[in-house]
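Let's work through a few exercises together. Keep the sequence and the 3D view at hand.

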Amino acid sequence: MPELPEVEHIRRRLSDRILGLEITRVLVKRADVIRLPVPVKARSKALLRNSRVKMLHRHGKRLALEVDDGRVVEFGLGMSGALLLEQVPSIPAATTHRHVIWNLQDPRGAQPMRLVWRDPRRFGGLRPLGSMSELHARFWSKIGPDALEIDEKTLARNLSGTKRVIKTVLLDQRVLAGVGNIYADEVLHAAGLSPIRRADSLERAEVKAVLRFLRRILVQAIEDGGSTIRDHQDPDGLPGGFQARHAVYGRPGGSCKRCGAMIHSEQLGGRTTHWCSGCQK
Ligand SMILES: [Zn+2]
């Protein structure tokens, strides 16, 4: 499932190429990927037809495309959602599960493009909204601070206020937006903390370590294009590369790169958790 680095990489790759382009046509092949009710007649307009791409925003794992008149479409990538960018004409690499297609024209005359929402497993979806302020009021204000922006004081307060184990708390999007199973496991290993430690038992130095490695790991993962375990691909259809750096995630039975002990994997709060009992206390 895409987490902050995968979504931020997508945001950057798209921003480089579609800002300023005009959306001339919207083709909806599967209306049930639109997660807010929109009358059929108003659908193309709600999905940004006749506008110009102004900005791409991200909060946690969510992505939003804003156009020049203020309208917005927000994307939740779910398990397998992808935004693919294609030249027109071209033969698409993936021809199935293409649910929504935007035709993009460059007013400066460059070759037209197509932006495609593809989501084979359909846990993701789109939300058309009137403005960024509506998106904030209805949805983004209900999730916690972005994992790249949270400050030490807020993180310390959020961790000290709960008896839940640290792994579960890091996955809670109300506490911290953007971290999922992969990066929670990697951050806890880097910080030398056991995933089953109670969040309120962390010393200040340990909170600082969580924050330091959170930033370091997320930034490195963005540079690498994210982690591709199964479905994640970027707008060019390319996989990420950060999985090659994983210290614990996806390495059960392997040896710890830091202390040599064996990596364990166990279900914790319904999620497979990977850690080293040798050096995570
Ligand atoms: Zn270890």
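Below are two exercises, each with a worked solution.

This is a predicted model, where local features need pLDDT of at least 70, side-chain atom pairs count only at pLDDT 80 or more, and totals for chains, interfaces and linings use all residues. Residues are numbered from 1 along each chain as its sequence is written, and side-chain values use heavy atoms, leaving out hydrogens and water.

**Exercise 1.** Find the protein donors of the zinc ion and name their arrangement.

*Step 1.* Look for donors (N, O and S atoms within 2.8 Å of the metal, or 3.2 Å for Na, K and Ca).

*Step 2.* Check the angles: the four donor atoms subtend 95 to 116°, so the arrangement is tetrahedral (four donors, all angles between 85 and 135 degrees).

*Step 3.* Read the spacing along the chain: C-x2-C-x16-C-x2-C.

*Step 4.* Both Cys256 and Cys279 are buried (under 20% relative accessible area, 1.4 Å probe, protein chains only).

**Exercise 2.** Describe the largest nonpolar core and what surrounds Leu176.

*Step 1.* A nonpolar core joins buried Ala, Val, Leu, Ile, Met, Phe, Trp, Tyr and Cys residues through side-chain atoms within 4.5 Å. The largest one has 35 residues, and Leu159, Leu176, Tyr183, Val210 and Leu214 have the most contacts inside it.

*Step 2.* Now take Leu176: beyond its neighbours within four places in sequence, Leu176 is in contact (heavy atoms within 4.5 Å) with Gly144, Pro145, Ala147, Ile150, Leu170 and Leu214.

*Step 3.* Apart from this core lies another, of 28 residues, including Ile23, Val26, Leu48 and Leu126.

Terms used:
Tetrahedral: all angles 85-135°; square planar, octahedral: opposite > 155°, others 65-115°. Buried < 20%, exposed > 50% of the residue type's maximum accessible area, 1.4 Å probe, protein only.
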